[in-house]
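Me: I would like to learn how to read a structure like this one, feature by feature. Please give me the general idea each time, then the case at hand.

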Amino acid sequence: MSTENEGTPVPPAPSAPPPAPVDAPAASAHQGHPAPGAAPDPGHAAPPASAQNADQGYGSGPQGPVGGTGWGPHGTHGGQDPTPSPSAPDASWPPPPPPSTPSYGDGGAGHGAGGWGSSYQQPAPKNGGGRGRMLAAVLVAALVAGGAGGGLGYTLAKENDSNGSTTVSASTSGGNVKRDPGTVAAVAGKALPSTVTIEAESSSGEGGTGTGFVFDTQGHIVTNNHVVADAVDSGKVTATFPNGKKYDAEVVGHAQGYDVAVIKLDNAPSDLKPLPLGNSDEVAVGDSTIAIGAPFGLSNTVTTGIISAKNRPVASSDGTGSQASYMSALQTDASINPGNSGGPLLDAQGNVIGINSAIQSTSNGGFGTGQAGSIGLGFAIPINQAKYVAQELIKTGKPVYAKIGASVSLEDTTGGAKITEQGAGGSEPVDPGGPADKAGLQPGDVIIKLDDRVIDSGPTLIGEIWTHKPGDEVTVTYERDGKERTTELTLGSRVGDS
C-alpha cells in the first residue's frame, strides 16, 4: 500500500456556502401549480468540491534494500493513497501515479459548476386569479390571528405567573457543564492545548500546512517528515497553538524512511504540557480513536472513529523524488484529511497511540480536480515506533534503522519478499558478514514471515523490520527450492537516510 504527502498551501475556506440555485418552487398535486401557502423549495446547497492531496506518492522500483548499503530505485508518490492490500511499486522512478493510493497533504478544493457562489432566484409571482387573492387573504388572517393569539398568551402568562412557568431552565450550561473523563469532549479539551498547526516553507516559498504535538517540556514537537520536508534546507517553520500564540521553530532531525520529524520551538514557553504516550502494541481493533489536526487548514479540528485494522503495510513519500517511507500502520476510520498529517491519534483516555500520516483516497476526489478527502481509511505510525525515532532524532539529529542486510524485490507480488540476484547500485544482494549472511539467507530466497507476521511483499518486510530496533532477534521464515525453512537473525543498524 502506498501513500503520498502534503506540500501545497491551503486556500482560506469560506465561512459558509451560499445557497445553491433551485429549479422551481414546490409543486402541488395539480398541474404543477404551487400549493396554497407553500413556500418555494430553497433547494440544497451544493457540496464543497472534493480536494485531492498534493504530495507525491509511493516508492517503487524493481528492487530495494532492506537495510542494505544503499537504497534501491524508488518511485515518486503519485498524489493518491495506497490500496488496502499492499502493492509494490513499478520499475520506473518516478512511476506514474497509481490509480488509488493513500495520500496526505494540503491543497485547495476545486469548485463544481453551479455550486458555490450561485445565487437563489425567487420564482416570479403568478398573475391575477381569485386563488392568489384568497391565498393572500389567508396569509393576512394568519398573521392577525397570530398577533391576537400572542397578545392573549402574554396576558394569560402574566396573570398566571404565580402558578409557575411552563418552561424549564437547565441547572448548568456552556462552560459550567462537567465533562466526565473519557468523553470525547474531555479528551479533546485536555489534548488541544498541546497540539500545534505547523506551516513549513522552503527558501523558494513553497510549502504547506500540517500538525504536530508537544513531545517534551523543552519545546520539541513531533510531526511527519513530509510536513516539514520543504523547510529542511534553509526553509522556515512556524508552530501555532490553539490560543493563537505562534512560534518560529527549527527542524532538529528528520527521518524520511520512518516519515517522522522533530522540530523545536524558539523561545519555548515554560508551561508546555507534553501529551502522554500510550502503548500502540496493546491497541485492539475496535478501540475508540480521536484525531486532532488541521484538515485543509482548519486548525484544531477534532474527529473520532475506531481502530479498524493493525499492522497495515503502507508506503509513502515526501514528494521530493527521494526514497520512500514505510510503516506497519494503525488503520482508523476517524476522518483524516490533508493537513491532519503529523497530528496525534489518541485513545479514549487521551494517550497518543499514533501519528496520523496517510489516507486512502479515490482517484480524483469526486467533484472536479483537486485533493481528495477522507473516505474513512486513515493510517497512523504506531507511537511505539515514532517515540524511538523521535528520541534518536533529538539525541543525534539522525535516524537509526534496523536492517537485515539484504536487497529485496519491490515488484507487485503477494508471494513474499524475494531477495534479489543483484543488490542496489551493483552491490552484493546479501551484505557479506551482515545479518542475513550470518543467518544463512541467499539470493533467490523468499521471506514469507518475520516472527509471526506474514510477509507478502518487499515493502511489507521493510515496514515490519522498521518496527524493530537494531539488535532485536527475529525469526525469519523463508522458502528455498520450494521448501519452507526458518532461521534466527539479529538485526543490524544503519544510521541516516542515505
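Me: Is Lys-395 buried or exposed?

Reply: Buried means under 20% relative accessible area, exposed means over 50%, and partly exposed covers what lies in between, with a 1.4 Å probe and protein chains only. Lys-395 comes out at 63%, so it counts as exposed. Note that this is a predicted model: local features need pLDDT of at least 70, side-chain atom pairs count only at pLDDT 80 or more, and totals for chains, interfaces and linings use all residues. Residues are numbered from 1 along each chain as its sequence is written, and side-chain values use heavy atoms, with hydrogens and water left out.

Me: Which side chain does Lys-395 meet in a salt bridge?

Reply: Side chains of opposite charge can pair when their charged atoms come close. The rule here asks for a side-chain nitrogen of Lys or Arg within 4 Å of a carboxyl oxygen of Asp or Glu. Lys-395 meets Glu-392 in this way, at 3.9 Å from N to O. Glu-392, at 16% relative accessibility, is buried.

Me: How far apart are Glu-392 and Lys-395 in helix H4?

Reply: Helices (H or I, at least four residues) and strands (E, at least two) are DSSP runs, numbered from the N terminus. An α-helix has 3.6 residues a turn, so residues three or four places apart point the same way. Glu-392 and Lys-395 are three residues apart in helix H4, which means a separation of about one helical turn.

Me: How many salt bridges are there?

Reply: The rule gives six salt bridges. One of them joins Asp-431 to Lys-403, with the closest N and O atoms 3.9 Å apart. That pair links distant parts of the chain, as Asp-431 sits in the loop between strand E17 (417-418) and helix H5 (435-438) while Lys-403 is in strand E15, 28 residues apart. Asp-431 and Lys-403 are both buried.

Me: What is the distance from N to O between Arg-453 and Glu-464?

Reply: That salt bridge spans 3.8 Å. Arg-453 belongs to strand E19 (residues 453-454) and Glu-464 to helix H6, eleven residues apart, and the pair links distant parts of the chain. Arg-453 is partly exposed at 30% relative accessibility, whereas Glu-464 is buried at 6%.

Me: Which strands make up the closed barrel?

Reply: Two strands pair if DSSP finds at least two bridges between them. Axes are lines fitted to C-alpha atoms, for helices over the stretch in contact, and angles run from 0 to 180 degrees between N-to-C directions. Contact means heavy atoms within 4.5 Å. The barrel has six strands in the order E3-E4-E5-E8-E7-E6, with antiparallel pairing. From one strand to the next the twist averages 40°. Helix H4 (residues 383-396) packs on the sheet, touching strands E4 (207-214), E5 (220-223), E7 (246-255) and E8 (260-265), and its direction makes about 50° with that of E8.

Me: Over how many bridges do E3 and E6 pair?

Reply: E3 (residues 195-201) and E6 (residues 236-240) pair in the antiparallel sense over five bridges. In that pairing Ile-198 stands opposite Ala-239 in E6. Strand E6 also holds Thr-238, which is buried at 6% relative accessibility. Leaving out residues up to four places away in sequence, Thr-238 has contacts that include Ile-198 and Tyr-247.
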